[in-house]
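Student: I have a model open and want to learn how to read it. Please take me through it feature by feature.

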Amino acid sequence: MTTERILSGMRPSGKLHLGNYFGALQNWVQLQDSYDCFYFVADWHALTTGYGDTTQIRDWVHELAIDYLSAGIDPDQSVLFVQSRVPEHAELHLLLSMITPLPWLGRVPTFRELQQELPDRDLSTYGFLGYPLLQTADIIMYKAHWVPVGIDQVPHVELSREVVRRFHHLFDTQIFPEPQPKLTEVPKLPGLDGRKMSKSYDNVIYLSDSNETLTQKVKTMMTDPARKRRTDPGDPEVCPVFDLHRVFSTATQRQEVGQGCRTAGIGCLDCKQVLIDNMLETLQPLHERRAYYEAHPQEVVQVLETGSQQARAMAQETMAQVRDAMHI
């Protein structure tokens, strides 16, 4: 294993779905074998857009930890912790806010994008403007070298590098590595209605869905709208179900269902049943781990407690260096 460090986290804003798994979690699990990994539950970040109702955050923290563990995050390989249990993150964020020009925060693309996506929420808060800087504190606190992100998050990592360079220049020190994005290849994963899988569209398959729920959801999934009758030929290239076949089915199976679709040799329910069987087989280990941790909630609590203690010990060392560099 390399000594290079990975850091990433997710906000506890509800149950995770297949898009979250294939977009991030699956990659995190693979990275454990090659890097020193720190994965956290970003509960303070959940407040940046969800400060209006915090009643479920504690439950969601626990739920997200179960999702991490069921996906295959191994607490013996990775440090798994909760952001708010390491208060040094807030201190570093405060100190970085003293040196970070406001225009740097305003030009992060997601600042405008989220305002447009969430017009019903008042996002004219410092917490929302400054959340990329809190992300920077999260990353550099553990001297992470790599941050696994999708392409849309690359500007956040670039901001972190700029802040690191400015800190080093102002205080004549070299404490932090400049973090680099580790791009995650995300397969096209449509929701049940053919749009991008998203909780806001209510079109998702959750990691916590039972086999029965998953089966029922896939059976009602949108297909090629031109195929109205069983005898009508279809086009797999415009069918959301076939996009899921690309993730869960073998090349031979894709060829067979694709041919059957184009020739009306099979019906949509036949095609979906092949997909359902493959999905249940692929997700079975995840579902088994989830069942275990749901039956042993105290183990989840202990994992988070131990990981948070490990993370805080390292954070305290980092902050001692930061305070020394800043002469405070």
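Student: Is the crossing of α4 and α14 left-handed or right-handed?

Tutor: First, some ground rules. This is a predicted model, in which local features need pLDDT of at least 70, side-chain atom pairs count only at pLDDT 80 or more, and totals for chains, interfaces and linings use all residues. Residues are numbered from 1 along each chain as its sequence is written, and side-chain values use heavy atoms, with hydrogens and water left out. Helices (H or I, at least four residues) and strands (E, at least two) are DSSP runs, numbered from the N terminus. A crossing is left-handed if the near helix is turned anticlockwise from the far one by less than a right angle, and right-handed if clockwise. For α4 and α14, the crossing is left-handed.

Student: At what angle do the axes of α4 and α14 cross?

Tutor: Axes are lines fitted to C-alpha atoms, for helices over the stretch in contact, and angles run from 0 to 180 degrees between N-to-C directions. Here α4 spans residues 88-97 and α14 spans residues 297-326. Their axes cross at roughly 25° and come within 10 Å. Angles under 35 degrees count as roughly parallel, over 145 as roughly antiparallel, 65 to 115 as roughly perpendicular and the rest as oblique. So α4 and α14 are roughly parallel to each other.

Student: Which residues of α4 and α14 meet?

Tutor: Contact means heavy atoms within 4.5 Å. From α4 come E88, E91, L92 and L95. They meet R312, A315, Q316, M319, V322, R323 and M326 of α14. The classes are these: Ala, Val, Leu, Ile, Met, Phe, Trp, Tyr, Cys and Pro count as nonpolar, Asp, Glu, Lys and Arg as charged, and the others, Gly among them, as polar. By that scheme the contact of α4 with α14 has 6 nonpolar, 1 polar and 4 charged residues.

Student: Take Q316 in α14. How accessible is Q316?

Tutor: Buried means under 20% relative accessible area, exposed over 50%, and partly exposed in between (1.4 Å probe, protein chains only). Q316 has a relative accessible area of 42%, so Q316 is partly exposed. Sequence distance is a separate matter. Q316 and M141 are 175 residues apart in sequence, yet 9.0 Å apart in space, C-alpha to C-alpha.

Student: Now another pair. How are α1 and α3 placed relative to each other, parallel or oblique?

Tutor: Apply the angle classes again. The axes of α1 (residues 18-31) and α3 come within 9 Å and cross at roughly 60°. Therefore α1 and α3 are oblique to each other. Their crossing is right-handed. In this contact, Y21, L25, W28 and V29 of α1 meet D67, Y68 and A71 of α3. The residues there are 6 nonpolar, no polar and 1 charged.

Student: What span does α3 reach, and what is expected?

Tutor: The expected span of a helix is 1.5 Å times one less than its number of residues. α3 (residues 57-71) has 15 residues. From first C-alpha to last it reaches 21 Å, close to the 21 Å expected.

Student: How many residues of α3 are buried?

Tutor: The count is 11 of the 15, so α3 is largely enclosed by the rest of the structure. Among them are I57, V61, E63 and D67. After α3 comes G72, with a positive phi near 120°.

Student: Which residues have a positive phi although they are not glycine?

Tutor: Start with the general rule. Most residues other than glycine have a negative phi. Here, D172 has a positive phi of about 50°, and H327 has one of about 60°. D172 sits in the loop between α9 and β5. H327 sits in the segment after α14. D172 counts as exposed at 74% relative accessibility, and H327 counts as exposed at 72%.

Student: Let us finish with H17. What does H17 touch?

Tutor: Residues up to four places away in sequence are not counted. H17 then touches M197, S198, K199, V204, I205, Y206 and L207. H17 lies in the loop between β1 (5-10) and α1. With a relative accessible area of 6%, H17 is buried. H17 and V204 are 187 residues apart in sequence and 6.2 Å apart in space, C-alpha to C-alpha.
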